[in-house]
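User: I would like to learn how to read a protein model feature by feature. Can you take me through one?

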Amino acid sequence: DPSGLPLAFTWDLKVAEEDWTEGTSSVTVDMLQVKQMGLPSDELAKLIVAELRLPISPEQYTLEAKQIQAETFPNCRLMPGAERLVRYLAEQPGVQIAVATSSPRETFELKTTNHKELFALFNHVVCGSSDPEVKAGKPAPDIFQVCASRFPDPLPGVKFTPHPASC
């Protein structure tokens with residue numbers, strides 16, 4: 001999931017939504033950030049608007065968030081050691097690697113703007129919020145099952161994820 005692996009996801013609720021969360025305790029914002037991990041985009045917008053009692057609709061929130069994302073997501077940096085790990089795995093015979101992210105394809109493309117060469121090493125990418133085969137968001141297993149099914153030769157595997165509910 002490129003929200004945490006292998007990208008350092010520098011855009012977060014505290015930074016990108018500072019206007020909306022001004023006056024909200026950091027504990028509340030931190031708890032909301034954990035709740036929102038892995039949610040499909042439409043559910044995320046509903047959660048944030050309801051939890052923060054924002055004076056806008058989920059649709060308006062989505063529009064404004066997309067503007068912020070367009071400015072900030074292309075600046076995501078790789079985590080220390082991430083590139084080395086991905087390149088190492090990609091070079092190993094018989095090892096297949098893929099990305100399973102809850103992000104819509106558009107958001108994934110923004111997050112990986114400056115890392116196209118690295119993400120080209122993955123066998124495939126499943127973007128749960130925009131993939132019609134993914135019926136339920138994390139922590140449901142759908143996205144991981146869809147991702148595994150797309151390998152040409154499915155093998156037992158290991159999953160790296162920063163999502164607490166996926167562990």
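User: How do the residues of the lining of the largest cavity divide into nonpolar, polar and charged?

Analyst: One caution before the count: this is a predicted model. The lining of the largest cavity divides into five nonpolar residues, five polar and one charged. Gly counts as polar in this scheme. The lining residues are Gly-38, Leu-39, Pro-40, Ser-102, Gly-128, Ser-129, Val-134, Ala-136, Gly-137, Lys-138 and Ile-143.

User: What volume does the largest cavity have?

Analyst: Its volume is about 50 Å³. A search of the whole structure finds one cavity of 30 Å³ or more.

User: Gly-38 is in that lining. Where does Gly-38 lie, in a helix or in a loop?

Analyst: Gly-38 lies in the loop between α3 (26-36) and α4. Its relative accessibility is 13%, so Gly-38 counts as buried. The cut-off for buried is under 20%. Now set sequence against space. Gly-38 and Ala-140 are 102 residues apart in sequence, yet their C-alpha atoms are 9.5 Å apart.

User: Let us step back to the overall layout. How many helices and strands are there in the protein?

Analyst: There are nine helices and four strands. Along the sequence they follow the pattern β-α-α-α-α-α-β-α-β-α-α-β-α. Of the 167 residues, 39% are buried. Contacts tell you about the fold too. Take those between residues at least 6 apart in sequence: 68% of them join residues at least 24 apart.

User: Next, cores. Which residues make up the largest nonpolar core?

Analyst: The general idea comes first. In soluble globular proteins, nonpolar side chains tend to be buried together. Here, the largest nonpolar core has eleven residues: Leu-32, Leu-39, Leu-44, Ala-45, Leu-47, Ile-48, Val-49, Leu-52, Leu-54, Tyr-61 and Ala-65. Both α4 (41-51) and α5 (58-72) supply at least two residues of this core. The largest share, five residues, comes from α4. A second, separate core has nine residues, among them Val-86, Val-99, Leu-118 and Val-125.

User: Which residues in α4 are buried?

Analyst: In α4, Leu-44, Ala-45, Leu-47, Ile-48 and Val-49 are buried.

User: What happens to the backbone just after α4?

Analyst: Look at Arg-53. Just after α4, Arg-53 takes a positive phi of about 50 degrees. Arg-53 has this phi although it is not a glycine. Arg-53 sits in the loop between α4 and α5.

User: Is Arg-53 buried or exposed?

Analyst: Exposed. Arg-53 has 73% relative accessibility, and the cut-off for exposed is over 50%.

User: Now aromatic pairs. How many does a search of the whole structure find?

Analyst: A pair of aromatic rings is described by the distance of the centres and the angle of the planes. The search finds two aromatic pairs. Phe-108 and Phe-119 form an edge-to-face pair, 5.6 Å centre to centre with 85 degrees between the planes. Phe-108 lies in helix α7 (residues 105-111) and Phe-119 in helix α8 (residues 116-119), so this pair ties together parts that are eleven residues apart in sequence. Phe-119 and Phe-122 form a stacked pair, at 5.4 Å centre to centre and 25 degrees between the planes.

User: Which residues do the ring pairs link into a cluster?

Analyst: The ring pairs link Phe-108, Phe-119 and Phe-122. Phe-108 is buried, at 3% relative accessibility. Phe-119 is buried, with a relative accessible area of 7%. Phe-122 is buried as well, at 13%.

User: One last residue. Where is His-124 placed?

Analyst: His-124 is in strand β4 (residues 124-127). With a relative accessible area of 14%, His-124 is buried.

User: Which residues is His-124 in contact with, leaving aside its neighbours within four places in sequence?

Analyst: His-124 is in contact with Ile-97, Ala-98, Val-99, Cys-147, Arg-150 and Phe-151. One of these, Val-99, also belongs to the second core.

Definitions and conventions. Residues are numbered from 1 along each chain as its sequence is written. This is a predicted model: local features need pLDDT of at least 70, side-chain atom pairs count only at pLDDT 80 or more; totals for chains, interfaces and linings use all residues. Side-chain values use heavy atoms; hydrogens and water are left out. Buried means under 20% relative accessible area, exposed over 50%, partly exposed in between (1.4 Å probe, protein chains only). Contact means heavy atoms within 4.5 Å. A nonpolar core is a set of buried Ala, Val, Leu, Ile, Met, Phe, Trp, Tyr and Cys residues joined through side-chain atoms within 4.5 Å. On a 1 Å grid over the protein atoms alone, a cavity is a set of points where a 1.4 Å probe fits but cannot get out, and a pocket is an open set with protein on both sides within 12 Å along at least five of seven lines; lining residues have an atom within 4 Å of a point. Grid points are joined across faces, edges and corners, and a volume is the space filled by probe spheres set on the points. Rings of Phe, Tyr and Trp (its six-membered ring) pair if their centres lie within 6.5 Å; planes under 30 degrees apart count as stacked, over 60 as edge-to-face and the rest as tilted.
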